[in-house]
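Work through the exercises below with the sequence and the 3D structure open. Try each task before reading its solution.

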Amino acid sequence: MSFANFQGWYRADQRWVAHTLEVLLTTEQLNRQLLEAEVNAHSYGLTLEPPYLEAYQAAARDLTMTQGRLLEQVRDNPEQYQRLQELGYLLIQSVAQLDRQLLSLGPAEAYEMTAEELFVWLAQPTELLRLTRDRLQEFAAFEAGYLRERQARLQERYRWSELSLYLLAGIGALAIGGAMGLFYRQEQELRSRSQQLQQSNEQLWRFASNASHELRAPLAALLSNAQVSLMLLQSPAVDEEMAKRHREESLTCLETVVATAKRMSGLVHDLLQLARAQGKLLNRSPTDLIGLLRIWQNEVTLQLPPEPACIQADAGLLQQALDNIIRNAQRYKRSEVKVTLTRDPLAIEIADDGCGIPPEQLAYLFEPFYRVGSGEGFGLGLAIAQQVIEAHGGQISVSSCPNQGAVFRVTLPHQKERQLSAGKELAQTGH
Amino acid sequence: MRLLLVEDDPAQRVPLQIALRQAGHLVDAAPDAETAEGLWQTKEYDLLILDWMLPGCSGIQLCRQFRQSGHRSPVLILTAKDTTADTVTGLDAGADDYLVKPVDVPELLARVRALGRRSPQWLGDCLQVAGLELDLMTLSARYGARTVLLSLQEFRLLELLMRQPQRVFSRHYLEANLWEWGSEPESNAVSRLAYRLRQRLSPLGCSDWIETVHGLGYRLRAGDGGLAG
């Protein structure tokens, strides 16, 4: 908007300058006409030739008109207007004087003047004319002054506009640079966010795909056993022995159906646990780790510190995670499983003395559905353990040497006393 | 037919074996690849049924090894994988057919029958020698207007004899080919089986068609002068 205003002022100034130039031109015209009148009058006086008289009269007429026009032009400037009015008065007097001068010459035919008389005649109105001319010059000078003023102002305005344009350009460039920088940063963030999403989508897809494959095997067992059982009961038996055998086989198949269905139910339960841990849906409450481990005291060798080790944790999930690791160790032990809890750093070590884990399997140990050999569980126990522990902000690692068993190490983050007591207060004030 | 079934999950292996046996086949069931390889090196099979997911060696690899050792019997692959890429891999490895788990048992039996027709031994769903008809679907024997139902073992023995009516089958051969791997026949099991088969065929009047060739074995000999004895 200021720019629009500015443009308005600029144009106004330009108009002023043009106007002032016009005034100057008209003033110059007035001056010329005055001079013309004077010269022609004197020429006539000298030569008595009619063209000079006519020229003088024309000039006198024009003078009046020009003065009138000039008056209109400077109407907006009261000082100049006044000056011009005074000047007009002088001009009228000058012309009147010239007229009288000419009149005093008498009729053309009876003209007789000596050089002396002519000299005197010529010198008569000089004072007035000179005064008039001086005033006119003064007037022109003032006008020129105005012109210079306005031109200077125009220049200033112009310089101002240049400066502000540069300023605007500078700000504009900065703004664009800033905007581009912001855009770039946002795009980076978006890209990394979408990469993360894509990764977790792929993870989800892989998990769903693996889970459904894992469920297919028990489903196949259910279907085959049920169908075969039907087939056996429906097929005609040649003799009693065959019929008896059919019945027995059919019973075995149905028992397998039941066992497989229970096993599938266990698999679904484990899958849900894994999903809970991955989705980080935890119900935290103050949990003493010693309590979680003491359950195993009849089956493993426990080494526990005397003071309690409490953290904010989902007791159910954490218990399951620890149970999975300990059960895994028990499966491979030779003679004993040793469980050690240390308070600082807060860590649990589960060591077995079995045949150890080959290094090529160590990398896959915590993958869902990874199994060593078939038929032993679903391969989800350690995967669940890892998810649960990581959801609590902890870490799990395994190390193993051939024939020296394996050691699983679980570290959990320390929690400040204030957090713990705050947690306890929350628990006490009830939910 | 003699079938080799390779499946590591007993909950799936047992019912499939029972179903195939019920359909009249002789089924050797192996739980892993090594056992299977050992078996096919010593015995002839009419059809292989392989699970894709086996411990140690994949079913696909096993199929390739089977083909590489020169066997041309058809191979059926059972698997939980169902994408077209997997199908192509399976068929390119030398398999003849591909079934996705969970398998429908009647469908499996139908496909086994279909693949059996490709076997060089196939002689149709119904064996016929000089008026004696053996129906492979219903495990029954028919002569004239009368039909009798046979037990699995009796059916297998008669089928074997009828497929090659000129041939004398030794006791040893019958023991190897009429009992499944893992079950040991007793010393006189063959003769007892032959006796039972004769008993079974007596209503048809064909019991003397089972001829004992002393010192050598057994042979099918059609009555009514159908075949030169």
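Residues are numbered from 1 along each chain as its sequence is written, chains are lettered from A and ligands numbered from 1 in the order in which they are written, and side-chain values use heavy atoms, with hydrogens and water left out.

**Exercise 1. Find where confidence is lowest and highest in chain A.**

Step 1. Take the average. pLDDT is the predictor's confidence in each residue, from 0 to 100. Chain A has a mean of 84, and 92% of its residues reach 70 or more.

Step 2. Helix α11 (residues 417-428) of chain A is lowest, at a mean of 47. Strand β7 (residues 406-411) of chain A is highest, at 92. Helices (H or I, at least four residues) and strands (E, at least two) are DSSP runs, numbered from the N terminus.

Step 3. Contact means heavy atoms within 4.5 Å. Where pLDDT is low, the predicted coordinates should not be read in detail.

**Exercise 2. Give the strand order of the open sheet in chain A, and say which strands stand at its edges.**

Step 1. Read the order. The five strands of chain A run β2-β4-β5-β7-β6, with mixed pairing. Two strands pair if DSSP finds at least two bridges between them.

Step 2. Pick the edges. β2 (301-303) and β6 (395-400) of chain A each have a single partner strand, so one side of each lacks a neighbour in the sheet. From one strand to the next, the twist averages 15°.

Step 3. Trace the pairs. β4(A) and β5(A) are antiparallel over six bridges. They form a hairpin with four residues between them. A:Val337 has A:Asp352 in β5(A) as its bridge partner. Strand β5 (residues 347-352) of chain A is also antiparallel to β7(A), through five bridges. There, A:Ile348 stands opposite A:Val410, and A:Ala351 is bridged to A:Val407.

**Exercise 3. How do α8(A) and α10(A) pack, and what classes of residue make the contact?**

Step 1. Get the geometry. Helix α8 (residues 315-332) and helix α10 (residues 381-391) of chain A pack at about 140°, with axes 8 Å apart. Axes are lines fitted to C-alpha atoms, for helices over the stretch in contact, and angles run from 0 to 180 degrees between N-to-C directions.

Step 2. Classify. α8(A) and α10(A) are therefore oblique to each other. Angles under 35 degrees count as roughly parallel, over 145 as roughly antiparallel, 65 to 115 as roughly perpendicular and the rest as oblique.

Step 3. Sort the contact. Its residues include A:Leu318 and A:Ile325 of α8(A), and A:Ile384 and A:Val388 of α10(A). The contact of α8(A) with α10(A) has nine nonpolar, four polar and no charged residues. Ala, Val, Leu, Ile, Met, Phe, Trp, Tyr, Cys and Pro count as nonpolar, Asp, Glu, Lys and Arg as charged, and the others, Gly among them, as polar.

**Exercise 4. Describe the packing of α2(B) and α3(B).**

Step 1. Helix α2 (residues 33-42) and helix α3 (residues 59-68) of chain B pack at about 15°, with axes 11 Å apart. That makes α2(B) roughly parallel to α3(B).

Step 2. B:Ala33, B:Ala36, B:Glu37 and B:Trp40 of α2(B) meet B:Leu62, B:Gln65 and B:Phe66 of α3(B). Five of these residues are nonpolar, one polar and one charged.

Definitions and conventions:
Predicted model: local features only at pLDDT ≥ 70, side-chain atom pairs only at ≥ 80, totals over all residues.
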